[in-house]
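Open the model in your viewer and keep the selection tool at hand.

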Amino acid sequence: MSAPSGAPGGLAQSDLLTREELQLAARNHGMPLEALRYPITPVGLHYLLVHYDIPAVDGERWRLMVEGRVRRSLTLSLADLQDLPVRTLAATMECAGNGRADLTPRPLSQPWLLEAVGTGEWTGAALGDVLERASLLADARELVFTGLDRGVEGGVEQRYERSLPLAEALRDEVLIAYRLNGAPLPPQHGFPARLVVPGWYGMTNVKWLSRITAVTEPFAGYQQVSGYRLRRDADDPGVPVTRMLPRALMVPPGIPEFMTRRRSLPLGRHRLEGRAWSGWAPIQSVAVSTDGGASWAAARLDGDATSQWAWRGWSWQWDPPAAGEYELLCRAQDAAGNAQPTAPAWNVGGYANNAPQRVAVTVTDPEPSPASG
């Protein structure tokens, strides 16, 4: 069968990325899955999504405003933040659109496969310590976080803004971070300061933070009521995307074929390994399948994760019975009973697709040793 007109041989037109998607893919990047070997992702390998442009920020002149329904409005410099008690924690951060490119039909946006994730060691001031200085008024219900990045989305000119209910914002682990993996935040990760909300998808963690506003009514900005909602169709108001669903990922074993990334490895015993996380509760179990999901075996979990909010390592010994073609999968379940589904659930924005990773592997017979003599 010939390829549809305009499509390279073997590809259906629906498989092709648009030029706009390619532009997004060139600006943003995922974490190579072999970097799952690191408990803390090196900064240059951590996934990155920039909605608009990376703003040019002078760290000496930058100020963070805290205003709205507070008794004392604040204007904080970076030095002021650094004078507050210092908190450091490891937290896994995943883009809400991770897995979007595997949905059918594919929602048009940043075409993530599975690599939109990373675990950083974040250092900064607790958001609660900042709010204590401002003293929230009794009628405050939400906090709106405004970044310095500006653009147009859905026909709306805007700064990137998201809100959190007070119950979430006042958790002890929520930070205004100014360091990542022991160094100042790089420009692309929100220098000089960003919000870090452990357990929530990446869109919540506003970068280049410039203002925190306490409000009495639910925030109705674009990123809250139009973007990042799970909608069945264009007319569905949907429900908001919030915490990360459980997911396990595997370091692809063996070696890859350059274009297809299909893996190959010799017949013998192999250690499969990866990491798993959830924004709802600690990971309780990981299961592995080597037959496309027909059967599952329990993997071994590593010791305690780096922190409650960081991914947890897992491993499983695989001894393929014969050379041939295999499809490897992995699935996670957390302590609250949330488990990865066996198939993806489609939605308009392509969010929160935590269907299992599938890794195609060719197991080869070892080459015979040369005859002696």
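**Cysteines, rings and charges**

Start at cysteine 330: with 0% relative accessibility it counts as buried (under 20% relative accessible area; exposed is over 50%, partly exposed in between, with a 1.4 Å probe and protein chains only). This is a predicted model, where local features need pLDDT of at least 70, side-chain atom pairs count only at pLDDT 80 or more, and totals for chains, interfaces and linings use all residues. Residues are numbered from 1 along each chain as its sequence is written, and side-chain values use heavy atoms, leaving out hydrogens and water.

A disulfide needs two cysteine sulfur atoms within 2.5 Å. The count of disulfides is zero.

Next, the rings. The whole structure holds four aromatic pairs (Phe, Tyr or Trp ring centres within 6.5 Å, using the six-membered ring of Trp; planes under 30 degrees apart are stacked, over 60 edge-to-face, the rest tilted). Select tyrosine 47 and tryptophan 112. Their centres are 6.0 Å apart and their planes at 85 degrees, so this pair is edge-to-face. Tyrosine 47 is buried at 7%, and tryptophan 112 is buried at 4%.

Move to tryptophan 318 and tyrosine 326. They pair edge-to-face, 5.2 Å between centres and 80 degrees between planes. Both are buried.

Finish with charges over rings (NZ of Lys or CZ of Arg within 6 Å of the ring centre and within 35 degrees of the ring normal). Select arginine 243: it lies over the face of tryptophan 280, 5.6 Å from the ring centre. Then select arginine 331. Its charged end sits over the ring of tryptophan 296, 5.2 Å from the centre.
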